[in-house]
Amino acid sequence: MTIKQSAVPTSRFSRAASLGSLASKVAGNMLFSGAKAWVAGRDTSRQELLLQPKNIQRLTEQLAHLRGAAMKLGQLLSMDSGELLTPELSAILARLRAEATPMPHKQLVQVMRNHWGDAWLEHLSHFELRPFAAASIGQVHISYTEMGKKLAVKVQYPGIAKGIASDVDNLAYLLKISGLLPKNVDLQPLIDEAKQQLINEADYELEARYLTRYRACLADDENYVIPKVVDELSSKQILVMHFVEGQEIEALVDAQQALRNKAVEQLLRLFLNELFTFKLIQTDPNFANYQYQMDQQRLVLLDFGATRELPQHISNGYLQLLSAAAKNDRAEVAAAAKRIGYFGQELAQEYIDNVVDIFLLACEPLSCQGEYDFAKSDLPKRIKELGLEMSTASQYWHAPPVDALFVHRKLAGLFLIAAKLGAKVDVNQLFTEFKLQRNKQSD
């Protein structure tokens with residue numbers, strides 16, 4: 001099978017020009033279609049003209065071609081604030097969660113020469129030019145050392161890091177003039193945070209440090225496997241790790257119910273530790289970032305570029321919130337939301353009640369007594385409907401705290417994985433046992 005490849009635009013000018021060309025082509029399509037509708041005597045709105053299939057396809061293809069910040073911002077907006085965006089824009093941006101096309105071999109070889117020198121292959125006995133994974137920031141190749149050790153080599157797309165700020169600003173402007181971003185919500189804090197998050201993700205030395213910290217945190221836990229960094233071959237743009245064998249987590253779909261349940265319990269227990277023990281959370285719950293070792297029933301954790309350190313008050317606030325939601329204590333949930341940073345100003349009681357409603361709804365698996373059947377739940381749909389209703393009905397609506405958005409992103413992704421695997425988990429019991437164990441360790 002032939003894999004589609006496309007060279008990554010490397011200069012700021014070429015990347016800005018690509019977005020500018022995109023805007024011009026979209027505008028041209030709108031004018032042409034609008035004229036046709038006028039001749040036919042049919043009224044049409046700007047949003048209807050904008051959301052033509054050919055415009056949607058053009059937008060998603062161009063962002064995927066740019067990779068980097070352009071593609072990643074689409075993912076962040078889609079996953080972190082779906083309730084803030086129009087359904088149309090959410091649908092467009094959701095398409096960017098798929099893998100990017102890899103860069104051509106010629107461009108890849110040039111990148112390797114730039115970092116390891118002309119004799120770059122001397123470091124290895126074999127290097128597979130065809131990547132086995134390609135995403136928004138870089139692509140991953142299998143290679144082998146002279147001693148036969150299998151490695152995973154993560155290579156960053158050229159020009160990605162230096163184009164982050166301009167890419168984010170250009171894309172945000174393009175979305176703003178499109179009329180698809182909500183006018184009554186200030187998304188600038190999220191845009192600014194996206195820049196910093198992407199700068200962090202483009203720093204493979206930082207990712208290596210996070211990966212090493214996770215290995216230390218989970219060193220005594222046999223439920224998880226994390227690759228080891230090969231420091232002498234790694235740099236800011238190339239991350240070399242020992243290759244860890246495992247199957248795609250989706251392979252569990254055909255496994256026994258008990259194993260599917262256990263895998264999701266492992267994911268949820270890890271999330272609780274991230275939030276309350278480590279204060280360190282990997283915020284990208286992409287399916288590709290998890291694998292499973294069936295024989296040993298262990299979860300393989302991959303890709304720590306989107307790791308985020310959490311402030312103590314956020315951790316404490318969510319412990320209070322989850323504990324209150326498990327008991328359906330509305331007053332305590334409201335107090336916890338304020339502690340997290342949701343109510344930083346004088347707000348109408350209607351708004352506070354709406355936020356509490358969303359939290360209690362989102363915590364449905366936690367408040368459920370007994371096993372929660374993720375596959376049969378329409379919880380994401382109900383949360384989205386309530387969020388959209390709230391955003392249109394309340395004049396006080398504003399973007400949640402940025403740290404909270406990343407926590408919610410992780411939870412939403414874990415729910416999708418649990419639903420995909422058809423897991424049934426007693427989340428309330430899992431959380432209760434976690435708190436008891438945590439209290440024993442602190443005594």
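**Close-up views of a predicted model**

**View 1. Gln197 and its surroundings.** Leaving out residues up to four places away in sequence, Gln197 touches Thr283, Gly305, Ala306, Thr307, Arg308 and Phe406. Keep in mind that this is a predicted model, here and in every view below. Gln197 itself sits in helix 8, which covers residues 188–201. Is Gln197 buried or exposed? With a relative accessible area of 1%, Gln197 is buried.

**View 2. The whole chain, for orientation.** Before zooming in again, here's the overall picture. The protein chain has 17 helices and 13 strands. It runs to 443 residues, and 52% of them count as buried. Take the contacts between residues at least 6 apart in sequence: 72% of these join residues at least 24 apart.

**View 3. Helix 10 against helix 17.** Two packed helices are described by the angle between their axes and the distance between the axes. For helix 10 (residues 257–278) and helix 17 (residues 427–442), the angle is about 40 degrees and the axes are 11 Å apart. That angle makes helix 10 oblique to helix 17. The crossing of the two helices is right-handed. On the helix 10 side, the contact is made by Glu265, Leu268, Arg269, Leu272, Asn273, Phe276 and Thr277. Helix 17 brings Val427, Leu430, Phe431, Phe434 and Arg438 to the contact. Sorted by class, the contact residues of helix 10 with helix 17 come out as 7 nonpolar, 2 polar and 3 charged.

**View 4. Helix 12 against helix 13.** How are helix 12 and helix 13 oriented to each other? The packing angle between helix 12 and helix 13 (residues 349–362) is about 100 degrees, with 10 Å between their axes. Angles of 65 to 115 degrees count as roughly perpendicular, and helix 12 and helix 13 are therefore roughly perpendicular to each other. Helix 12 makes the contact through Arg330, Val333, Ala334 and Ala337. From helix 13 come Ile352, Asp353, Val356, Asp357, Phe359 and Leu360. The contact of helix 12 with helix 13 holds 7 nonpolar residues and 3 charged ones, with no polar residues.

**View 5. Ser315 in helix 11.** Look for Ser315 in helix 11. Ser315 counts as buried, at 1% relative accessibility. Setting aside neighbours within four places in sequence, Ser315 is in contact with Leu275, Phe276 and Lys279. Ser315 and Ile340 are 25 residues apart along the chain, and their C-alpha atoms are separated by 8.4 Å.

**View 6. The loop between strand 10 and strand 11.** Leu302 is in the loop between strand 10 and strand 11, and it counts as partly exposed at 22% relative accessibility. Ignoring neighbours within four places in sequence, Leu302 is in contact with Pro227, Gln282, Ala288, Asn289 and Gln291. Leu302 and Asn289 lie 13 residues apart along the chain, with 4.8 Å between their C-alpha atoms. Asp303 is also placed in the loop between strand 10 (298–301) and strand 11 (307–309). At 29% relative accessibility, Asp303 counts as partly exposed. Now check the backbone: most residues other than glycine have a negative phi. The phi of Asp303, though, is near 65 degrees, a positive value in a residue other than glycine.

**View 7. Asn328 between two helices.** Which loop holds Asn328? Asn328 is in the loop between helix 11 (312–326) and helix 12 (330–340). Asn328 isn't a glycine, yet it has a positive phi of about 60 degrees. With a relative accessible area of 52%, Asn328 is exposed.

**View 8. His115 in helix 6.** His115 lies in helix 6, made up of residues 105–116. At 34% relative accessibility, His115 counts as partly exposed. Not counting residues up to four places away in sequence, His115 touches Ser235, Gln237 and Ile238. His115 and Lys236 are 121 residues apart in sequence, and their C-alpha to C-alpha distance is 9.6 Å.

How values were computed
Residues numbered from 1 in each chain as written. Predicted model: local features only at pLDDT ≥ 70, side-chain atom pairs only at ≥ 80, totals over all residues. Heavy atoms only, no water. Axes fitted to C-alpha atoms, helices over the stretch in contact; angles between N-to-C directions. Helix = DSSP H or I, 4+ residues; strand = E, 2+ residues; numbered from the N terminus. Parallel < 35°, antiparallel > 145°, perpendicular 65-115°, else oblique. Left-handed = near helix turned anticlockwise from the far one by under 90°. Contact = heavy atoms within 4.5 Å. Nonpolar A, V, L, I, M, F, W, Y, C, P; charged D, E, K, R; others polar. Buried < 20%, exposed > 50% of the residue type's maximum accessible area, 1.4 Å probe, protein only.
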